[in-house]
Protein chains: 2
Amino acid sequence: MMKKKISIKDIAKLTDTSITTVSFVLNGKGRISKEISKKILDVAQKNGYEPNRMAVGLRTGVSKVIGLIVESIGGPFFGEMAKVIEEEAEKGGYRIIYCSTNNNLQKGKDMIRMLSQQLVDGYIITPMKGLEKDIQNLVDNEKPVVLIDGYFPGTNIPHVLVDNFASAYNAVDCFVRSGYKNIGMVTADLGLIQLNDRSLGYKAALKDNKLKDSSKMLLKIPFDMDKNEGVEAIKAFIEKQKQMDAIFFTTNYLGTMGLQAIKDLKLRIPEDIAVISFDDNEVFSLYPPGITTIQQPTYDIAKSAIDILMAQINTHKLDASKIDLQIPSKLIERGSTLAKVSA
Amino acid sequence: MMKKKISIKDIAKLTDTSITTVSFVLNGKGRISKEISKKILDVAQKNGYEPNRMAVGLRTGVSKVIGLIVESIGGPFFGEMAKVIEEEAEKGGYRIIYCSTNNNLQKGKDMIRMLSQQLVDGYIITPMKGLEKDIQNLVDNEKPVVLIDGYFPGTNIPHVLVDNFASAYNAVDCFVRSGYKNIGMVTADLGLIQLNDRSLGYKAALKDNKLKDSSKMLLKIPFDMDKNEGVEAIKAFIEKQKQMDAIFFTTNYLGTMGLQAIKDLKLRIPEDIAVISFDDNEVFSLYPPGITTIQQPTYDIAKSAIDILMAQINTHKLDASKIDLQIPSKLIERGSTLAKVSA
DNA sequence: ATCATTTGGTAAAACGTTTTAATTGTCTAC
DNA sequence: GTAGACAATTAAAACGTTTTACCAAATGAT
């Protein structure tokens, strides 16, 4: 056992040819006769030759690895994303090296620094506040980069994400169509542009529908609040806003916290309060009476991101700086937004 | 911009020393005078020197990367796992390269082959039927390997997973304590040893409690069934087993399918049917009246796995072949197993 | 027959490290 | 003073590839 890996040099010796010849045959370059080619291919095959990635990487400067930096691979959204990205990358012979930042800025910076030690050919990153410089630096150094799930306003870094503004706008519209007029919103204080866009969509929709100003019916959960505290905060919020008859949660995890809060308060959905949450997931489809959600097109986002990245990698001088892909979401209507029966 | 990365050679030139000296200083080897050391360190620091991983890898044969091969990174269980593994690995300066097999044997084989092209120093793998040979081959070639979430009976590959037998046994016990006597089970037909162990635990518990033989009240969902078909199958199963008053789902996804089925049939939990599912997750805590679950110690499993792997990597001649870590699970009791009120 | 071209093949450099073995001084001990 | 020990430094080989530039032989054109 422990057969030493066979190298190109060994194959050369075995076939009585030169290293160059073997390399040429294996890569389909140069011009080598059919017979010699066949002999080399046979020997390579028989001995299970696999090129040494490190050597190739050192010589050519390409690693065939792309770095995926996300907030956390756990969770349905990024998990699903990672899966698609990995599958698509694999088709191009690329592998994924995965890093999570847990929303920790320093960790994000570290990750970028590590990966840039010539070990990845491109990056897919979920941006976070404070990482602008580091990412811009990659771009300036002509590293292929695609941002997903967020972007940096005012910079020229290609990005693909759901259309957050329109999605939130549509959610409010859905409430209105069903007869709800006092629509509150719960969001998080993470400094993420995507949450901000959702807020803007919400506010714009209120305004367009001539509904009362929302400043009162808006709750921002601090980023460092844990789950239980969050539930309590939401409960307090709901109790205070007596007239509120519908509530919009801007993220998945806020939505589940919200359900817990509503359950604790023994309120009925949608009779006492209608609900919409961002990010569809199993809880929402199962939880009675079914929670209306904004389903992010994870597949499309991931697919587009990897495609754009590959395009950058392959055609070296592609100008991707103008790519701003905002993909529409899908509103999944369930029981939580049934038409209101006026009291 | 696009400053060419600085190399050890450049630093040598800049400090008027030799390549060797720089390498020695940077790695704390050899014996170099304080003054020269300082000069070199300063220059390296100032220019943001980072060693070229490829070159190091080629020269030393270690990549500082470990391969994580799981069924699918999506899903709460593996996602959480991946997170812990990545965090722990990072402490030792290792990065994770991630691959999912989607339960596809060929893909699993391909992954192992790719990763073994000298690009990872160790493997964490969720085993699947048919991969025995390939994995054994890694072990024979002295590659560090740890299996998680499953194992190959009769082989000597270190593994860490939840104690599936005891977990299932405890679930049945919980039903019995609450007064349920006709306990059915729904499992999947994936050929996975862990599911088999769960079945065995279930059967043993039935026997020890002198309950009626279970062969009738056992449903096996074929591996290629989609979600809707699964729900239908479970509905049919429940309707057929009139006397069944409790049901045990051996996986997360079967559990949620089961909830859907029970909901469709308009049965009450636990009055009409008590429920326990493997793998705790948000749905189960939220879904009224709260579903009792077997919570896998994901953190412990992941932590142990990476620790064992690191131990193998660092102390080269560690005999890990006897490591068989079966970690107890935690039964989270919720409303779905409240004491039965006899009719 | 001679020169130009093509065809089939290879030597050698380079990528950026690590590490062995060698080379210079300096110092100690006799 | 000289032999050995030791300290500080370095030259050079090696890891496994890719690729440039070159060479010899065969073919074609005149």
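A polar contact is a pair of N or O atoms within 3.5 Å; within protein, one atom must be able to donate a hydrogen and the other to accept it, and residues adjacent in sequence count only if both atoms are side-chain atoms. The model is predicted: local features need pLDDT of at least 70, side-chain atom pairs count only at pLDDT 80 or more, and totals for chains, interfaces and linings use all residues. Residues are numbered from 1 along each chain as its sequence is written, chains are lettered from A and ligands numbered from 1 in the order in which they are written, and side-chain values use heavy atoms, with hydrogens and water left out.

**First stop: DNA strand D**

Select Arg31(B): an N or O atom of its side chain lies 2.8 Å from a phosphate oxygen of DNA strand D. At Thr20(A), a polar side-chain atom lies 3.3 Å from a base oxygen of DNA strand D.

Now display the residues near the strand (a heavy atom within 4 Å of it). Among those that come nearest are Tyr49(A), Arg59(A) and Thr21(B).

**Second stop: two helices**

Helices here are DSSP runs (H or I, at least four residues), numbered from the N terminus. Select α6 (residues 105-115) of chain A and α5 (residues 76-91) of chain B. Which residues of α6(A) meet α5(B)? Lys107(A), Met111(A) and Met114(A) meet Glu86(B), Glu87(B) and Glu90(B), contact meaning heavy atoms within 4.5 Å.

Technical notes
Axes fitted to C-alpha atoms, helices over the stretch in contact; angles between N-to-C directions.
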